[in-house]
Amino acid sequence: MEMMKIADHKRFQTNGHDFVFVTQTGGIFEIDGETRAVLNLGLAGKSFTKQEFYAVLKGTRSNKDSLWKDLAGNRVLAAQKLSQGKPMLQKPEFPVKTLVLHVTESCNLMCHYCYHSPKELIKAPQLSMELTVAKKAVDFLFDQSGGLEEVVLVFFGGEPLLNLNLISKTITYANEKARKTGKTIDYAMTTNGTLLTDKAIGFLNENRIGTTVSLDGVEAVHDRFRRFPDGSPSYNVILPKLKKFLDKENPKPVVARVTLAKDSNNISKTLFHLLDLGFSEVGFAPVTTMDTDFKLDSHQMTALLDQFQDLSEIFIDLARKDEFLGFTNLVDLLVNLHEGDVKQYPCGAGIGMFSVDPKGGLFLCQRLTKDASANMGNIFDGLNREKLGQFRQNARLNKKSACKGCWAASICAGGCYHEAKIREGDLLLPNLHYCQWIKAWIETGLNVYGRLMNETPEFLDKLSMLRGHEPLFNQLV
Ligand code: SF4
Ligand code: SF4
């Protein structure tokens, strides 16, 4: 006889509606009185047969049958073996979809909080990628992309526009490779915006390069830390160039990335300032550092959450009018929830994504490019399959014992490896320092999700499509 149990879940309420988020499937359902009564029966953590379950229910046999069917269909009721987590695939193979090229280590800015510390930048020779390496990296991407029809090449640095010539030749080569293999290639770049000359702007648009510009907000905020090596501010160097770029028809969305450092306040002002400049979205990330000159302390992290929650309310108000607020952090979270993503890994690093340093070394991601423990081979000899296999085994959520039983695990999965390296000392450790924050933020996302689901469910589909995904609805009970 099959033993069942109530699946691990989190209940939440929005505007008087009761919802359940099933943690192992990522499903979100509005629940009715009957389901609520079942969840209140005190069966959590116990296993039971169908007969035992029926014995504690009230109502007719056909009511019980229909309730059983609904609960099982939504996986609120799960077979005991399912609740142990999905069985691990034997030697899972992951095609490479995204490759990040460090086209140069040089940067013309010297932002005070940069994760390559200014001291390091001064003493170490800054390498730039040669065309032979870039071409080999493109070959690697196509060779390792398996059956994928689309691949993505990202230009990163240092400041990538310092090596525009190489980028241009690499794109010519990659386009030809795409033509020969019948695949599609998309391009992206992260730039500090200081070198957005007319030539660079024309190039970015002609080649449909999705561009992220690192900008921290209004002049006074941006210029606190984002300065040239001689100490001069960068905002007014960037602004006229950026305006020219954003005034043009950009075939790909141009987004802003804001690094939040100590005493960052007025997130709304920053968001609306950047949207007013013409960015389609703005994403915020607290700086990853242990340096107390820059790190947000716990009060500032709480204030940040409050401001994210205020922005979420504005997001809902606009969504009701079918208008979009380009608040990337919330959009990404809602798309995750809508698509029922159940993460085994926190991100694509070392799964479908790698970064390449100027010499051709392969690393888990762009922020770990100088970390030997994140090196996974090189583009000439290929991936170090043994080391990568170990990483994939050890980075899986089920290896993070501290995350066991955490209701947010299917979304957080332990968090960023780079953050873990800096804050926890090892990239494989879960980011326990921010559990409380991330859970509160995910809870905010669930709340927004529930309200949108009731009031304007088609808006959630639109968000998925905005991210280039097929619409996928979580079903209402
Ligand atoms: S790091 Fe914290 S919030 Fe994230 S999955 Fe682990 S226990 Fe949960
Ligand atoms: S490890 Fe962190 S920085 Fe790197 S891709 Fe993952 S989330 Fe991003």
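These legends walk you through several close-up views of one predicted model.

Residues count from 1 along each chain as its sequence is written, while chains are lettered from A and ligands numbered from 1 in the order in which they are written. Because the model is predicted, local features need pLDDT of at least 70 and side-chain atom pairs count only at pLDDT 80 or more, whereas totals for chains, interfaces and linings use all residues.

**View 1. Confidence along the protein.**
The average pLDDT (the predictor's confidence in each residue, from 0 to 100) is 91 for the protein, and 93% of the residues score at least 70. Two stretches call for some care. Over residues 82–91 pLDDT stays under 50, and the model has five contacts for them beyond four places in sequence. Residues 472–477 also stay under 50, with 20 contacts beyond four places in sequence. Here and below, two residues are in contact if their C-beta atoms, placed from the backbone, lie within 7 Å.

**View 2. The sheet S2-S3-S4.**
Strands (E, at least two residues) and helices (H or I, at least four) are DSSP runs, numbered from the N terminus. Three strands make up this open sheet, in the order S2-S3-S4 and with antiparallel pairing. Strand S2 (9–14) and strand S4 (28–30) are at the edges with a single partner strand each, so one side of each has no neighbour in the sheet. From one strand to the next, the twist averages 25°. Strands count as paired if DSSP finds at least two bridges between them; S2 and S3 have six, and strand S3 (residues 17–22) and S4 have three.

S2 and S3 form a hairpin with two residues between them, and Asn15 in the turn has a positive phi of about 45°. Look along the strands for two opposite pairs: Arg11 faces Val20 in S3, and Phe21 stands opposite Ile28 in S4. Helix H16 lies across S2, S3 and S4, running at about 60° to S2. Such angles run from 0 to 180 degrees between N-to-C directions, and the axes are lines fitted to C-alpha atoms, for helices over the stretch in contact.

**View 3. The sheet S5-S1-S6.**
Here three strands form an open sheet in the order S5-S1-S6, and the pairing is antiparallel. Strand S5 (47–48) and strand S6 (77–79) stand at its edges, each with a single partner strand, so one side of each is left without a neighbour in the sheet. Strand S1 (residues 4–6) runs antiparallel to S6, joined by three bridges. The bridge partner of Met4 in S6 is Ala79.

**View 4. Two backbone details in loops.**
Arg75 is not a glycine, yet has a positive phi of about 60°; this residue sits in the loop between helix H3 (61–73) and S6. The peptide bond from Gly157 to Gly158 is cis, with omega near 20°. Gly158 belongs to the loop between strand S8 (150–156) and helix H6 (164–181).

Helix H10 (residues 267–277) packs on helix H11 (residues 298–320) at about 50°, with the axes 9 Å apart. The two are therefore oblique to each other, since angles under 35 degrees count as roughly parallel, over 145 as roughly antiparallel, 65 to 115 as roughly perpendicular and the rest as oblique. Ile267, Ser268 and Leu271 of H10 make the contact with Leu304, Gln307, Asp310 and Leu311 of H11. The axes of H11 and H16 come within 11 Å and cross at roughly 10°; H11 and H16 are therefore roughly parallel to each other. Among the residues that meet there are Phe308 and Phe315 in H11 and Trp437 and Trp441 in H16.

A residue is near a molecule if its C-beta atom, placed from the backbone, lies within 6 Å of it. Of the 14 residues around ligand 1, Cys403, Cys406, Cys412, Pro430 and Cys435 come nearest. Helix H14 (409–412) and helix H16 (435–455) are the elements that give two or more residues to this shell, and the largest share, three residues, comes from H16.

Cys347, Ala349, Cys365, Arg367, Cys416, Tyr417 and His418 are the residues around ligand 2.
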